[in-house]
Amino acid sequence: MENIQQPKRVFSGVQPSGVLTIGNYLGAIKNWKKFEADEFDSIYCVVDMHAITVRQVPAELRRRTYEILALYIACGLDPQKNTMFVQSHVPAHAELSWILNCYTMFGELSRMTQFKDKSQKNASNVNAGLFDYPVLMASDILLYQTAIVPVGSDQKQHIELARDIAMRFNQVYGDVFTIPEGYMEKNGTKIMSLQEPTKKMSKSDENENASVGILDERDAIMRKFKRAVTDSDTVVRFADGKDGINNLMTIYSCFTGKSMSEIESEFEGKGYGDFKLAVGETVADGLQPVRERFNQLMADKAYLESIMKEGAEKANYFANKTLSKVYKKVGFVPKIR
């Protein structure tokens with residue numbers, strides 16, 4: 001009898017907080033398209049539960065939840081080939097998170113660099129959720145027996161924690177969780193700020209010229225690239241100490257598919273002004289169809305809600321299978337139906 005290979009489960013998600021940047025697009029959403037092949041079973045979540053570790057305006061959180069789902073589709077993800085849903089629509093995320101808390105060490109969480117960074121930025125609201133959200137992220141991943149997690153390089157530490165928790169649980173109870181692997185693109189996993197190119201581009205940056213939003217209008221995109229910080233050199237080349245130019249070259253490479261050496265040849269003898277103009281035009285051209293499709297989708301709320309509903313039904317089925325297994329392993333009495 002022929003041995004049929006089971007598709008590998010892929011899981012990832014984006015928070016509905018702030019305006020998504022080209023960093024989110026190039027480092028995450030754009031790359032998910034490659035997992036639509038038959039050998040993968042892809043699940044993408046709008047992680048609204050993660051968003052509330054920082055205070056949100058409720059009406060804005062609701063609106064942005066729709067927007068992230070619309071952006072998934074506008075960026076090319078096919079709802080027929082991927083499961084898309086809203087995290088809070090699947091209660092098992094919170095339920096598994098509590099159990100995994102009991103298999104996560106305090107010291108592990110205290111070493112998370114993102115907790116340290118976010119604590120400094122939100123000094124007046126260093127809540128337990130902010131400290132504990134890597135466990136919720138581990139639950140997101142482990143619930144679906146995920147094999148591959150496409151992430152940016154800044155999430156590598158969280159993937160390692162999810163692996164450690166899964167292995168610790170499996171050591172006690174047997175083969176319960178699939179051990180996930182992080183997947184990072186070699187190029188474009190970390191897009192830097194246009195104004196401070198040693199810092200990651202952030203959707204929460206107060207300087208509007210530091211980041212380019214996926215939904216920015218062409219004029220805004222061109223203006224931001226023209227104002228991008230470079231260096232005192234004039235040669236377009238990828239080298240140490242040229243953080244601003246390296247970042248622009250990375251962005252240009254992601255949108256065009258050209259290598260760094262090809263970009264250096266293309267702009268040989270040309271100045272930074274020409275290069276910044278070319279990067280801006282390339283990014284604006286690349287994002288225009290995304291913005292147009294996004295506007296169409298946001299005008300059809302009923303369609304987006306149908307995607308949410310169908311996705312949550314599928315996700316609940318997968319998640320509850322894992323949760324039931326975990327409940328049994330730890331000794332909980334099965335639910336009386």
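This is a predicted model: local features need pLDDT of at least 70, side-chain atom pairs count only at pLDDT 80 or more; totals for chains, interfaces and linings use all residues.
The largest cavity in this structure has a volume of about 30 Å³.

**Stop one: the cavity**

Select Gly27, Ala28, Asn31, Pro150, Val151, Tyr183, Met184 and Glu185, which line the largest cavity. Next, colour helix α1, residues 22-32. Helix α1 gives the most to this lining, with three residues. Colouring the selection by class shows five nonpolar residues, two polar ones and one charged one. How many cavities of 30 Å³ or more are there? The count comes to one.

The remaining stops concern helix pairs. Two packed helices are described by the angle between their axes and the distance between the axes.

Select residues 58-74, helix α3, together with residues 301-330, helix α13. Their axes lie 10 Å apart, and the helices pack at an angle of about 85°. Angles of 65 to 115 degrees count as roughly perpendicular, and α3 is therefore roughly perpendicular to α13. To see the contact, display the side chains of Thr65, Tyr66, Leu69, Ala70 and Ile73 on α3, then Lys301, Tyr303, Leu304, Glu305, Ile307 and Met308 on α13. By class, this contact has eight nonpolar residues, one polar residue and two charged residues.

**Stop three: helices α4 and α7**

Now select helix α4 (residues 92-101) and helix α7 (residues 128-142). The two axes come within 8 Å and cross at roughly 120°. How is α4 placed relative to α7? This angle makes α4 oblique to α7. The crossing of the two is right-handed. On the α4 side, the contact is made by His93, Leu96, Ser97, Leu100 and Asn101. On the α7 side, the residues include Asp132, Val135, Leu136 and Ala138. The contact of α4 with α7 divides by class into six nonpolar, four polar and two charged residues.

**Stop four: helices α9 and α12**

Finally, select helix α9 (residues 218-226) and helix α12 (residues 272-298). These helices pack at an angle of about 150°, and their axes are 9 Å apart. Angles over 145 degrees count as roughly antiparallel, so α9 and α12 are roughly antiparallel to each other. Their crossing is right-handed. From α9, display Arg218, Ile221, Met222, Phe225 and Lys226, which take part in the contact. From α12, the contact residues include Lys276, Leu277, Val279, Gly280 and Glu281. Which classes of residue make up this contact? Eight residues are nonpolar, two are polar and six are charged.

Notes: Residues are numbered from 1 along each chain as its sequence is written. Side-chain values use heavy atoms; hydrogens and water are left out. Axes are lines fitted to C-alpha atoms, for helices over the stretch in contact, and angles run from 0 to 180 degrees between N-to-C directions. Helices (H or I, at least four residues) and strands (E, at least two) are DSSP runs, numbered from the N terminus. Angles under 35 degrees count as roughly parallel, over 145 as roughly antiparallel, 65 to 115 as roughly perpendicular and the rest as oblique. A crossing is left-handed if the near helix is turned anticlockwise from the far one by less than a right angle, and right-handed if clockwise. Contact means heavy atoms within 4.5 Å. Ala, Val, Leu, Ile, Met, Phe, Trp, Tyr, Cys and Pro count as nonpolar, Asp, Glu, Lys and Arg as charged, and the others, Gly among them, as polar. On a 1 Å grid over the protein atoms alone, a cavity is a set of points where a 1.4 Å probe fits but cannot get out, and a pocket is an open set with protein on both sides within 12 Å along at least five of seven lines; lining residues have an atom within 4 Å of a point. Grid points are joined across faces, edges and corners, and a volume is the space filled by probe spheres set on the points.
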